[in-house]
Amino acid sequence: MSRLLLAPMEGLADCVLRDVLTRVGGYDGAVTEFVRISGTLLPTKTYRRICPELDHGSRTFAGTPVVVQLLGSDPQCMAENAARLAELAPAGIDLNFGCPAPTVNRHGGGAMLLDDPEHIGRIACAVREAVPAGIPISAKMRLGVSGTGRALECARALEAGGVSSLVVHARTKVEGYRPPAHWEWIARIRAAVSVAVVANGEVWTADDYRLCRAASTCADVMLGRGAVADPFLARRIRAIAPGDEALVPGSAAAAAASAAEWLEVLPLLAEFWAQVQARVEARHAPGRLKLWLASLRGRFVQAEALYWAVRPLRGCEETSRALELHGVPVIAELLPA
Ligand SMILES: Cc1cc2nc3c(=O)[nH]c(=O)nc-3n(C[C@H](O)[C@H](O)[C@H](O)COP(=O)(O)O)c2cc1C
């Protein structure tokens, strides 16, 4: 059985977008944006804020399990925080060894740690020992800092540290988010370890998915920006019967389909906007909507006009009016969460 996972995306995909995307369907799991661990024991309310799904059996409303991601560099501190998080019974705990952000890397966290495989192994081991065996520990890594020279060592160190699965974002830290993703490198990592390996990077279409699976040899794939740009991506991928890859629509068919699909996006936008207003401070709410619309523009031509209509607006009421004018229904009452 191949799994499709929704990637952690700090600042882009929070609990609201996780909720909306997993309601569309097709996902077997999701990972929260990272929770930064730096020297203190975080209160459980921090985890519940970032992952409100913890109050609902660590699942989104649609029932998709949500794993909480931790980012930090001190094994002991990571272990203590993971133990506290474990009290909330997350569907799993993921360790971030991929973040390229300078503020995070300056403190020795994220992708910088890939220069020190022994150290990431120690973090994995300390966390694994601190958390009850029933809670899976996974890790998400890039191929390295500036080169791929230690990628296999890192993967083996994480496996030896006790992680039960490994997501590989197939780029180095220095490559940032620049295409291509080196899917063939994931195959090398997969051959080097016996834990489950999940392929990640540059899957924007069902065609990319097919190519990524072939090159990486992985059954499981994690979708990031492609999932935000196309809320139906997981469903589209699920629609490919094994061996029927030739049925993946070409660009003309996909463009024709998207006009009808846009009508399906409108209620998703309505739900998203209602939840954002309920959860996010009013002055930040329109910004959140603009961020999603900016991504949707890449897949839906109809999102372009809506994006430009909303872009100059600062207030929630005027934003709601602009949405309505573009066919987004108003939601008076939130769906149950
Ligand atoms: C805005 C943004 C925020 C991200 N935040 C995280 C994060 O919190 N934790 C993490 O492990 N990866 C994070 N990533 C990386 C993604 O999970 C994923 O590995 C990357 O985008 C490559 O996949 P894609 O090409 O399908 O987008 C982030 C990526 C983006 C674009």
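**Ligand shell**

I found that β2 (29-36) and α9 (225-229) each supply at least two residues of the shell around the ligand. Helices (H or I, at least four residues) and strands (E, at least two) are DSSP runs, numbered from the N terminus. This is a predicted model, where local features need pLDDT of at least 70 and side-chain atom pairs count only at pLDDT 80 or more, while totals for chains, interfaces and linings use all residues. Residue numbers run from 1 along each chain as its sequence is written.

I counted 23 residues around the ligand (C-beta atom, placed from the backbone, within 6 Å). The closest are Ala7, Pro8, Glu10, Gly224 and Arg225.

**Domains**

I looked up the domain assignment, automatic or from a database, and it gives domain 1 (4-247) and domain 2 (251-325) for the protein chain. Their centres, taken over C-alpha atoms, are 27 Å apart. In domain 1, 12 residues are in contact with 14 residues of domain 2 (C-beta atoms, placed from the backbone, within 7 Å). On the side of domain 1 that touches domain 2, α1 (15-24) and α9 each supply at least two residues. I noted that α1 gives the most there, with five residues.

**Helix α13**

I checked which residues of α13 (302-310) are buried (20 or more other C-beta atoms within 10 Å of their own, all placed from the backbone) and found Ala303, Leu306 and Val310. These lie on the same side of α13 because they cover an arc of only 65 degrees around the axis, taken from the directions from the helix axis to the C-beta atoms. They pack against α12 (285-296) and α14 (316-325).

Key. Two residues are in contact if their C-beta atoms, placed from the backbone, lie within 7 Å. A residue is buried if 20 or more other C-beta atoms lie within 10 Å of its own, exposed if 12 or fewer, and partly exposed in between; C-beta atoms are placed from the backbone.
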